[in-house]
Amino acid sequence: GGVSAQNADAPRDKVPEARVLTDGERIPGIVHKGAVVASAYDGATWEVTARPDSTVAPRSLDVVERSSGPPLVFVTTETGEMWRSTDRGESFVPVGAGLPDDPVRAMSLGPDPVEGGDVIWATTDRNFVHHSHDLGDTWEPFSEGLTTDDQSTQGRVQADWRAVAVLPNSGRVLLGGFDGMFLLDPGDDDWRVVETLDGYLAGLAVSPVYAYDGTLIVMSYSSG
């Protein structure tokens, strides 16, 4: 799948990841050979903006929007290496100290009501969830109370943790994966189970106006 990348140095490559910035200035993505490309024309044309210095080609991309300042663009490899851009993908610096040698599957930023400032959450395939208070420079695990299942590694392998979302204005964090949904309230030291759809949770999305409509979209592997 993916969208054909045009005006890039490898025009036959595919873009497996793409995110639209809320300011509408560009759509960043990653081609499979590791180059970061971006579009300023609604995806009609693409151009290479950067190529992180790595021996392993980055394969995933996340855009983390902030309340002030430009969004953060993160790219990661299947072995847990991470780079961050603060200029919409024009340049990248290596970050991610403390992350495991494991693919990062989802990221979300929100306020930290206890310590102040922003906190970024990142899920991984097999090593639960990590958080960062310095915009991704360093990470620490935060997994007390989380459970998973050995079935996730049997047959068609699925990531233990696939989705994370910070609820706006509250700092509450939702985490979805093979064992369902978990919630972390501000100041708590442990995650707790939230009753929701049966089966593997593959995605979470929070309404841009969640404070007004309270809308949360949950996608499960078996129930849609």
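Which strands each supply at least two residues of the lining of the second largest pocket? They are strand S12 (118–124) and strand S13 (129–132), strands here being DSSP runs of E with at least two residues, numbered from the N terminus. A pocket is found on a 1 Å grid over the protein atoms alone: it is an open set of points where a 1.4 Å probe fits, with protein on both sides within 12 Å along at least five of seven lines, and its lining residues have an atom within 4 Å of a point.

Before going on, bear in mind that this is a predicted model, where local features need pLDDT of at least 70 and side-chain atom pairs count only at pLDDT 80 or more, while totals for chains, interfaces and linings use all residues. Residues are numbered from 1 along each chain as its sequence is written, and side-chain values use heavy atoms, leaving out hydrogens and water.

Back at the pocket, 23 residues form the lining, and Asp-112, Trp-121, His-131, His-133 and Phe-142 lie nearest the centre.

Now for the salt bridges, of which the structure holds four. The term means a side-chain nitrogen of Lys or Arg within 4 Å of a carboxyl oxygen of Asp or Glu. One of them joins the side chains of Arg-105 and Glu-78 (3.7 Å, N to O). That pair links distant parts of the chain, 27 residues apart: Arg-105 sits in strand S11 (residues 104–111), and Glu-78 in the loop between strand S8 (72–76) and strand S9 (82–85).

Arg-84 and Asp-137 also meet through their side chains in a salt bridge, at 2.8 Å, N to O. Arg-84 belongs to strand S9 and Asp-137 to the loop between S13 and strand S14 (140–141), so this pair ties together parts that are 53 residues apart in sequence. Arg-84 counts as buried at 13% relative accessibility, whereas Asp-137, at 34%, is partly exposed. Buried means under 20% relative accessible area, exposed over 50%, and partly exposed in between (1.4 Å probe, protein chains only).

Last stop: Arg-172, in the loop between strand S15 (161–166) and strand S16 (173–177). Its side chain makes a polar contact with that of Asp-185 (2.5 Å). Asp-185, buried at 17% relative accessibility, forms a salt bridge with Arg-192, with the closest N and O atoms 3.2 Å apart.

Note on methods:
Helix = DSSP H or I, 4+ residues; strand = E, 2+ residues; numbered from the N terminus. Polar contact = N/O pair within 3.5 Å; in protein donor to acceptor, adjacent residues only side chain to side chain.
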